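Subject: Handing over the structure

Hello,

Here is the structure I promised to pass on to you. Have a look at it first, and then read on for what turned up in it.

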Amino acid sequence: MEEKNIVDIWRSYDQKLEESRILNMQSWVLNLKNFEFLQSQKAKSVLNRLTTGKWFTVILGIIWVVFLVFLVLNSLTINKIFFVVSAGMIAIITGIAIVVYLKQIFLIRQINHSNSIVETQDKLAHLKLSTLWVTRILFLQCPFHTTWFLNWEMLKHAPTGLLIFQVAITVAFTFLSVWLYRNISDKNMHKKWFKVLFGGSGWTSLILAKDFIEEIDEYRQDHIA
Amino acid sequence: MNQTHGKENFLRLIEENKRIIFKICNAYCSNKHDREDLAQEIIYQLWKSAGSFNSDFRFSTWMYRVALNVAISFYRKAKNIKAIVPISDDLNHVPETSGTHHIHEENINLLQQFIHELRELDRALMILYLEEKSHRDISEIIGISETNVATRISRIKEKLKQRFANINQ
């Protein structure tokens, strides 16, 4: 088949669209009154999809951090040192995650569909992958959830077996959180544990984002060549 | 210019170019409901991005950028991406008139199926090529060099020729 024939087929598609009146089926969208309605509905839904979920998380996170800071400031005694350090670290790590979320919201607002396809889609795919960062950071909280309730009195009087169990749990959570922090990355996406951790649809969307970034990179490599 | 006049003007431009929007929706969505949603999303995003339209460029070039970006994002957000849709269900409703017409229809379906099989960026490239945009325009819309555009189009066309050749054997 010649090049001209392929373009001719596409032209005949134009003709077919006219004949089948498919375009008229969508004409309601082009009515001014309907368009205004669509505009108001879409304004809500687009914001919902892109940022409302993240804003909600940020607000909850801020409330949680403020609550923890309040508790820490009211517990500044040597006997509550475990609580102060644990709650303080949880507040700091949550605070870092909030900053990452705010950065994502800022990036979403920066996305301009009028820019070139490669530029816009690259930003969107990287934004999707940046959710990995938040997960990695939040896992670092895990060991502190095993120590916040401890105090010196409890440790002095606790049986040796319980102390060993406590240390084992804290060490295990520390190891696990550091391991996850180091290993949650796009390089490990195809591993089974990663798929289990992120769930079915979450994992699929991350894989799609990674594959798409590779496709975009491939386009750019050709450009360099 | 008041807002209503601005909207009327915008809708006139959309009306003139709605064929493009429909073709893009058809290339990225597998069912009618999704296509209608995408058409609305594209028109909304065009309106929202209207402020960024630079009159140094042609309206259609700007429109292709916005529409293809929205279509690719929409396609990627879809929960269940259906692999291949051989033919648009809307187009099936067109009555047959002659044998030649039937051959044309088969070719259109085959071309549509081929476009659906392409990856997102290649699909955008192919639509622009078939719309007879210049390499320069395609390069501006996609964001790659003209040389790169030429190389990629040539590869895709080669695949397409082979596909048609295999069918006709």
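Predicted model: local features only at pLDDT ≥ 70, side-chain atom pairs only at ≥ 80, totals over all residues.

Chain B has 7 helices and 0 strands, so its elements read α-α-α-α-α-α-α from the N terminus on. Of its 169 residues, 54% are buried. If you take the contacts in chain B between residues at least 6 apart in sequence, 65% of them join residues at least 24 apart.

Helix α3(B) has other partners too. Within chain B, helix α2 (residues 32–48) packs with helix α3 (residues 59–77) at an angle of about 135°, and their axes are 9 Å apart. α2(B) and α3(B) are therefore oblique to each other. α2(B) passes α3(B) in a right-handed crossing. From α2(B) the contact takes in D34(B), D37(B), L38(B), E41(B), I42(B), Q45(B) and L46(B), while α3(B) brings W62(B), M63(B), V66(B), A67(B), V70(B), A71(B) and F74(B). These residues of the contact of α2(B) with α3(B) comprise 10 nonpolar, 1 polar and 3 charged.

The next partner comes from chain A. Helix α5 (residues 117–129) of chain A and α3(B) have axes that come within 10 Å and cross at roughly 30°. α5(A) and α3(B) are therefore roughly parallel to each other. Here too, the crossing in which α5(A) passes α3(B) is right-handed. The residues that make this contact are I117(A), T120(A), Q121(A) and L124(A) of α5(A), together with R65(B), L68(B), N69(B), I72(B), S73(B) and R76(B) of α3(B). The contact of α5(A) with α3(B) divides into 4 nonpolar, 4 polar and 2 charged residues.

One residue of that contact is worth a visit of its own. S73(B) is found in helix α3 of chain B, and its relative accessible area of 11% makes it buried. What does S73(B) touch, leaving aside its neighbours within four places in sequence? It is in contact with H113(A), Q121(A) and L124(A).

Helix α6 (residues 135–142) of chain B has D137(B), I138(B), S139(B), I141(B) and I142(B) as its buried residues. Just after α6(B) comes G143(B), which takes a positive phi of about 95°. In the loop between α5 (120–130) and α6 of chain B you will find E132(B). E132(B) is not a glycine, yet it has a positive phi of about 60°. Its relative accessibility is 47%, so E132(B) counts as partly exposed.

A word on the cysteines. A disulfide is a covalent bond between the sulfur atoms of two cysteines. How many disulfides does the structure hold over all chains? The number is 0. Take C29(B): the closest cysteine sulfur to its own is that of C25(B), 6.1 Å away, which is too far for a bond. C29(B) is buried, at a relative accessible area of 3%. Over in chain A, C142(A) also counts as buried, at 18% relative accessibility.

Last, a loop in chain A. F149(A) has its place in the loop between α6 (131–139) and α7 (152–157) of chain A, and with a relative accessible area of 36% it is partly exposed. Not counting residues up to four places away in sequence, F149(A) touches M154(A) and Q166(A). F149(A) and K80(A) are 69 residues apart in sequence, and their C-alpha atoms are 8.7 Å apart in space.

Methods. Residues numbered from 1 in each chain as written. Chains lettered and ligands numbered in written order. Heavy atoms only, no water. Axes fitted to C-alpha atoms, helices over the stretch in contact; angles between N-to-C directions. Helix = DSSP H or I, 4+ residues; strand = E, 2+ residues; numbered from the N terminus. Parallel < 35°, antiparallel > 145°, perpendicular 65-115°, else oblique. Left-handed = near helix turned anticlockwise from the far one by under 90°. Contact = heavy atoms within 4.5 Å. Nonpolar A, V, L, I, M, F, W, Y, C, P; charged D, E, K, R; others polar. Buried < 20%, exposed > 50% of the residue type's maximum accessible area, 1.4 Å probe, protein only. Disulfide = S-S within 2.5 Å.
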